[in-house]
Amino acid sequence: MALNFHQLHIFYTVADRGSFSAAAQALHMTQPAVTMQIQALEEYFGTKLFLRSTKKIELTEAGRALMVYAKRSIDLVKETDLAMSRFTHMLQGRLLLGASLTVGEYILPRLLGPFNQAYPNIAIQMKVMNSAQILEEMLRHQLTFGLIEAQVVHPDVHTEPVLSDELRLIVPDGHPLTERSGATMDDVLEFPFILREQGSGTRQVMEEELARKGIDAGRMKIVMELGSTGAVKSAVEAGLGITFLSQTSVKHELTLGVLRMVPIEGIRFDRQFYATYLKSNLLPISAVTFLSFLREKDLSQWL
């Protein structure tokens, strides 16, 4: 018998998922088939790779050593696929991603068209939710990866910046702040605010920047907290308050003149959009390809 990549992949998945049944489900195989391949691998090396008990499995010393090479082999195959995809553009697969509301509603729709033209055989299924919900879904292995509006700190999660953006002060047309030549945060805090809910990336970025400037977010007169960017925009347009939103999300309203952007002296709400995924998960080639596509884009050219 010869060592093959398929068996290394099965071995890695069993070790990563912590059970034969979970690995079988992830690989779309039967549990006996997974067990048979692991037994064949153990026979090939002449040593046990797992310590089995009724409750869980653990890697042996030999298994831990093999794990390093198995991951390296899988990464190499994915890198090879990605490199060759630049020539063939024939990648196939389904990509399940979570996108926070600003990304999912206002940014990705403009980018998915060009991506689909380049990779027509990759099907994308997108769930739009706030950043906290995306993290929860990833930890439950319900999403391949997420695109969120604020960096998360979690021991099991990797995040990396992929796109840049800026939050701006948004007010209704005719608001008193539009008549001032230069507004300060002290001026802005005199007015009622309508904000996204706690847990949203937009809210987190705003509060973190205020804290960096030594401004207590508790000074804000928050009259409403709403669960979508669209709802916030409608409430601001109706004159119920002012808000901070991504400039990408109000492009249409600014063009129509129903909303206005007001610059604030001495403070900018620059931010990154982040790709996030579990450290323990090997991203499928479809996800690697999509992230590479995003990294190459200048957001200002698309919005």
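Predicted model: local features only at pLDDT ≥ 70, side-chain atom pairs only at ≥ 80, totals over all residues.
**Salt bridges**

The salt bridges number 19.

| Pair | N to O distance |
|---|---|
| Arginine 268 and glutamate 166 | 3.4 Å |
| Arginine 52 and glutamate 42 | 3.5 Å |
| Arginine 196 and glutamate 197 | 3.0 Å |

Arginine 268 forms a salt bridge with glutamate 166. Arginine 268 lies in the loop between strand 10 (259-262) and strand 11 (269-278), and glutamate 166 in strand 6 (residues 157-172), so this pair ties together parts 102 residues apart in sequence. Glutamate 166 is buried, at 11% relative accessibility. Both residues belong to a network of salt bridges that also links Arg168 and Asp270.

Arginine 52 pairs with glutamate 42. The former is in strand 1 (residues 50-52) and the latter in helix 3 (residues 31-45), so the bridge joins parts that are 10 residues apart in sequence. Arginine 52 is partly exposed at 40% relative accessibility, whereas glutamate 42 is buried at 6%.

**Helix packing**

The axes of helix 1 (residues 5-17) and helix 2 (residues 20-27) come within 8 Å and cross at roughly 125 degrees, which makes helix 1 oblique to helix 2. The crossing is right-handed. Helix 1 contributes His9, Ile10, Thr13, Val14 and Arg17 to the contact, and helix 2 contributes Phe20, Ala22, Ala23, Ala26 and Leu27. These residues comprise seven nonpolar, two polar and one charged.

Note on methods. Residues numbered from 1 in each chain as written. Heavy atoms only, no water. Axes fitted to C-alpha atoms, helices over the stretch in contact; angles between N-to-C directions. Helix = DSSP H or I, 4+ residues; strand = E, 2+ residues; numbered from the N terminus. Parallel < 35°, antiparallel > 145°, perpendicular 65-115°, else oblique. Left-handed = near helix turned anticlockwise from the far one by under 90°. Contact = heavy atoms within 4.5 Å. Nonpolar A, V, L, I, M, F, W, Y, C, P; charged D, E, K, R; others polar. Salt bridge = Lys/Arg side-chain N within 4 Å of Asp/Glu carboxyl O. Buried < 20%, exposed > 50% of the residue type's maximum accessible area, 1.4 Å probe, protein only.
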